[in-house]
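Reader: Hi! I'd like a close look at one part of this model, if you have a minute.

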Protein chains: 4
Amino acid sequence: MTPAAVAAHAERYRDVGRVLVTCPDRPGIVAAISGLLFRHGANITELQQYSTDPFGGTFFLRIEFHREDLAGELPAIEEGLARLAAGAATRWRVATPAVRQRVAIFVSKADHALQELLWRTHSGELEMDVRMVVSNHPDLGDAVAGWGIPYHHIPVTTETRDEAERRALALLAGQVDLVVLARYMQVLTPRFLAAFPDRIINIHHSFLPAFVGADPYSAAARRGVKLIGATAHYVTAELDAGPIIEQDIERVDHRHQVADLRRIGRHVERAVLARAVGWHTQDRVIVHSNTTIVFA
Amino acid sequence: MTPAAVAAHAERYRDVGRVLVTCPDRPGIVAAISGLLFRHGANITELQQYSTDPFGGTFFLRIEFHREDLAGELPAIEEGLARLAAGAATRWRVATPAVRQRVAIFVSKADHALQELLWRTHSGELEMDVRMVVSNHPDLGDAVAGWGIPYHHIPVTTETRDEAERRALALLAGQVDLVVLARYMQVLTPRFLAAFPDRIINIHHSFLPAFVGADPYSAAARRGVKLIGATAHYVTAELDAGPIIEQDIERVDHRHQVADLRRIGRHVERAVLARAVGWHTQDRVIVHSNTTIVFA
Amino acid sequence: MTPAAVAAHAERYRDVGRVLVTCPDRPGIVAAISGLLFRHGANITELQQYSTDPFGGTFFLRIEFHREDLAGELPAIEEGLARLAAGAATRWRVATPAVRQRVAIFVSKADHALQELLWRTHSGELEMDVRMVVSNHPDLGDAVAGWGIPYHHIPVTTETRDEAERRALALLAGQVDLVVLARYMQVLTPRFLAAFPDRIINIHHSFLPAFVGADPYSAAARRGVKLIGATAHYVTAELDAGPIIEQDIERVDHRHQVADLRRIGRHVERAVLARAVGWHTQDRVIVHSNTTIVFA
Amino acid sequence: MTPAAVAAHAERYRDVGRVLVTCPDRPGIVAAISGLLFRHGANITELQQYSTDPFGGTFFLRIEFHREDLAGELPAIEEGLARLAAGAATRWRVATPAVRQRVAIFVSKADHALQELLWRTHSGELEMDVRMVVSNHPDLGDAVAGWGIPYHHIPVTTETRDEAERRALALLAGQVDLVVLARYMQVLTPRFLAAFPDRIINIHHSFLPAFVGADPYSAAARRGVKLIGATAHYVTAELDAGPIIEQDIERVDHRHQVADLRRIGRHVERAVLARAVGWHTQDRVIVHSNTTIVFA
């Protein structure tokens with residue numbers, strides 16, 4: 001984003017807050033929180049809620065609100081929410097979107113997902129602050145330089161994996177709120193995952209675990225699949241099995257050879273990843289067990 | 001639905017109510033209504049809201065709630081809502097889905113949309129009570145008889161249009177809550193429309209007004225269109241220009257001749273109409289000016 | 001189809017033939033076969049071909065042609081094709097669509113896929129002759145009776161499986177060209193499969209082998225999937241791993257509970273199965289290894 | 001494309017030719033042309049044909065073939081085709097894809113369609129040679145410079161329209177095979193159109209003529225549309241009514257304000273335009289009356 005766009009973003013969201021709540025469902029939650037916001041002078045501009053089961057399930061709430069001079073009132077609102085949450089197994093937070101989330105994008109050699117994220121950020125469609133691109137290869141350095149974003153090349157080999165990850169974590173520490181794996185072909189260790197719980201988004205082809213192994217596109221071709229898909233998910237310790245944020249597909253047919261399937265896969269991947277990252281940075285995704293609530 | 005399914009439906013929704021509100025947006029609406037429901041012992045199970053503009057726009061709210069012994073408390077809840085609404089330009093209603101909406105389906109000769117509605121009703125997916133099928137042709141009488149639903153053949157000619165519509169209105173009076181035009185090829189008069197405001201749903205191909213005239217599929221074919229669509233909308237005085245509830249498309253290509261386009265159009269029509277009718281009968285659609293808010 | 005529709009079908013395809021060829025790719029195949037047809041007075045109305053690799057791959061060809069008095073000329077055409085095929089590893093056949101393929105539909109208790117097939121056949125969209133419905137349950141007998149089609153209830157238990165399958169095979173012998181498993185919840189034995197090679201079509205949810213086990217919809221819900229799909233495929237000895245004919249999906253979100261996923265799955269299944277059966281009965285599908293060439 | 005990619009492209013298509021034919025349908029066309037190619041030593045690698053009506057309609061054919069030392073044999077093949085075409089109302093041409101089509105992209109201020117075309121060209125997915133970008137505004141000059149492509153700023157006002165178009169035509173003369181209007185907001189004159197018959201591709205939102213006038217997205221929003229689409233078509237004298245090459249849509253709902261509809265419209269536009277341009281540059285599109293045959 002240009003400086004002018006950054007300023008416009010800050011102005012647009014100046015007095016905007018977002019409340020996110022996860023708690024056991026019971027009567028009166030909406031009344032309590034909306035009443036609290038009303039007493040503090042806030043106007044609800046968006047509200048979404050979901051309950052896995054109104055009788056004993058888990059309740060999820062996202063409220064976007066506007067309050068003149070939000071900065072001055074925020075402590076009181078947070079204090080009120082803390083009081084409401086006391087005693088119940090409630091997780092809550094208030095986000096202030098005027099300050100954009102800071103993002104690190106990890107890549108290897110493929111540029112399609114990276115370029116899509118950078119273009120959408122530049123156009124203002126993704127409201128985030130890309131602080132750095134990290135790669136285990138030097139290949140995409142020039143492309144990133146054109147966007148004026150730091151590019152950190154951190155090679156990774158079996159021997160240096162541990163040291164490389166330490167270097168990456170040092171770069172990220174206190175600098176980023178979200179890590180996006182935009183076709184980063186290295187497995188992260190539990191230590192890395194622990195540093196960014198529910199804040200690492202990955203994109204991959206959609207057939208895992210349908211077509212496991214080194215070359216799923218070839219396996220898909222051998223079965224004659226008619227759809228190629230992609231899945232964006234949060235990264236958890238179980239490889240490629242974390243909570244799904246978004247999925248989509250494109251149709252293919254017998255004329256598509258393996259290279260075509262890969263090409264189409266790239267298009268699906270960039271669209272799916274961009275949507276998932278957009279929802280995350282707008283605080284629209286709540287993780288619950290191994291699923292997501294997406295208040296899109 | 002079988003008698004057993006009807007009983008199960010009534011049981012499932014026994015103490016369920018739905019509040020629908022349209023009013024000028026202002027702070028505190030959600031707090032006021034959710035607080036009212038909480039004080040009356042109701043548990044909100046679903047809540048959706050939307051504002052065209054938080055500063056001076058129109059606010060829409062749909063709440064589904066559960067309250068033990070709803071029948072006994074309903075008058076008090078409605079009284080409370082009436083009090084909240086007083087003085088502001090507020091439209092509100094409470095729906096009780098335990099009693100299914102009564103529906104009349106109007107058809108001419110094509111059966112695809114009719115069959116889809118009857119099958120989905122039979123399978124319990126559409127929660128409605130099809131009271132009658134009305135047609136200006138006798139052709140579909142046998143098919144309807146198989147479902148055990150009354151079929152009224154009311155011929156319409158230019159000369160008899162007025163009398164025919166009177167007969168239809170007499171059949172409907174006090175008997176149905178919703179009229180579905182499932183490929184009914186007659187234009188309704190303002191008198192008919194006035195009897196069912198925002199409660200007549202029509203389905204047609206999606207190219208109007210793109211390809212106007214007697215044979216839009218031929219016009220679409222002459223232009224080489226690659227998509228065939230359908231639109232479900234509420235019927236208003238302006239022909240085929242009422243608020244859109246749902247739309248969808250299927251892809252076509254140069255090999256599809258006009259007959260193929262019509263066939264594909266039928267498939268899109270039945271899917272789109274079924275979704276629109278489902279949302280309406282679940283009180284998920286609010287009409288606003290010439291648009292719809294669909295809390296799907 | 002009504003008798004009138006059957007007669008119209010026969011008339012429409014009276015002099016229409018279809019040539020299907022699979023052979024090693026080499027220069028001159030199209031020239032040879034199109035030249036043969038031309039010399040025999042045939043006019044090609046549709047031609048599709050595909051080669052896995054023009055240099056040493058496998059070549060597939062589908063030609064639809066029209067020839068006045070086809071019945072008289074067919075032996076000569078077939079003789080010419082046999083001569084062309086001699087010596088090369090060529091598989092070929094000529095189909096005459098004037099006689100509709102005879103189909104048996106196998107079901108258990110779910111009716112959605114069955115009803116879709118029967119409705120599309122009745123409307124003339126599926127050009128096939130449904131000879132019988134076979135089920136291991138009596139439940140759908142009444143629904144099928146309304147269409148005037150024989151319904152054979154053949155119970156299956158672990159003890160009677162062998163005998164039940166023999167009874168089914170006896171019913172089918174010489175009577176049907178295609179078996180459609182429209183949610184038939186029994187596994188067929190190799191003996192049954194051998195009786196209908198590449199002529200048994202099955203439909204199932206699309207997540208196998210992604211979510212294996214007894215309840216894939218629950219597993220999908222636990223992962224938070226955003227797509228529900230269905231796959232139509234030929235049945236082979238490896239369970240649910242046969243060549244895919246068609247696939248499709250519908251979007252879902254966190255609000256869809258397991259019952260909703262199943263309902264949406266049913267809609268995808270009936271659409272996907274109907275398309276696959278339609279292509280098969282129009283001789284548009286060629287099986288190759290474990291894939292399909294679909295000349296849709 | 002990098003020099004290495006250009007060389008790889010030339011190598012891949014070194015001996016590849018494409019025959020495109022439009023003629024009155026009659027028996028023997030496929031036999032005649034495939035026989036000609038066979039006699040000249042060519043191996044057909046792809047063949048698609050279509051007839052609007054096998055009895056008196058128009059026939060379309062696209063053949064891709066491989067022939068060792070194509071350059072040496074091409075004159076003889078073209079001579080043979082000319083002989084076959086003699087006397088019938090036949091249009092034919094042979095394309096040699098080893099030399100990429102030269103393209104000029106016209107833009108105004110919006111960059112989404114332009115960036116998509118440049119990125120896909122760079123990645124090798126669009127096999128074309130972007131010779132220049134022409135714009136009536138200077139805004140996108142920097143973005144284009146990064147790709148190493150000449151940017152010509154030709155301002156257009158009502159007074160200078162004629163002169164500006166002359167300048168543009170002078171730039172294009174003999175230099176480009178295809179003009180892509182990637183959100184170029186100026187109307188071209190008949191003189192310009194005559195210089196590139198069936199070789200100017202435009203992209204626009206899909207609602208024309210559904211929502212005509214200055215602001216179709218606002219009109220669409222007022223009607224509550226649920227789909228936003230885009231159409232890529234060849235430009236003809238009748239504004240926005242030329243033969244359609246490709247269309248697609250994305251779903252929207254009541255929460256999408258006019259700005260959102262425009263943003264989503266941009267995504268659909270870039271995908272649809274890229275597909276249309278790809279098919280054109282692979283000689284897959286044949287214009288017939290006001291429709292297209294797309295051998296995709």
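Reader: How many salt bridges are there between domain 1 of chain A and domain 2 of chain A?

Author: Let's start with the ground rules. This is a predicted model, where local features need pLDDT of at least 70 and side-chain atom pairs count only at pLDDT 80 or more, while totals for chains, interfaces and linings use all residues. Residues are numbered from 1 along each chain as its sequence is written, chains are lettered from A and ligands numbered from 1 in the order in which they are written, and side-chain values use heavy atoms, with hydrogens and water left out.

Now, your count: four salt bridges link domain 1 of chain A and domain 2 of chain A. A salt bridge here is a side-chain nitrogen of Lys or Arg within 4 Å of a carboxyl oxygen of Asp or Glu. One example pairs Arg18(A) with Asp283(A), at 2.8 Å from N to O.

Domain 1 of chain A brings 18 residues to the contact and domain 2 of chain A brings nine, with contact meaning heavy atoms within 4.5 Å.

Domain 1 and domain 2 of chain A bury about 1,000 Å² between them, 47% of it on carbon and sulfur atoms. Buried area is the accessible area (1.4 Å probe) that two parts lose on being put together, summed over both. And Arg18(A) is back: in domain 1 of chain A, Arg18(A), Phe60(A) and Arg62(A) lose the most area to domain 2 of chain A, together 37% of what that side buries.

Chain A also meets a neighbour. Chain C and chain A bury about 2,600 Å² between them, with 34 residues from chain C and 34 residues from chain A in the contact. The rule finds four salt bridges across that interface, including Asp248(C) with Arg251(A), whose closest N and O atoms are 3.8 Å apart.
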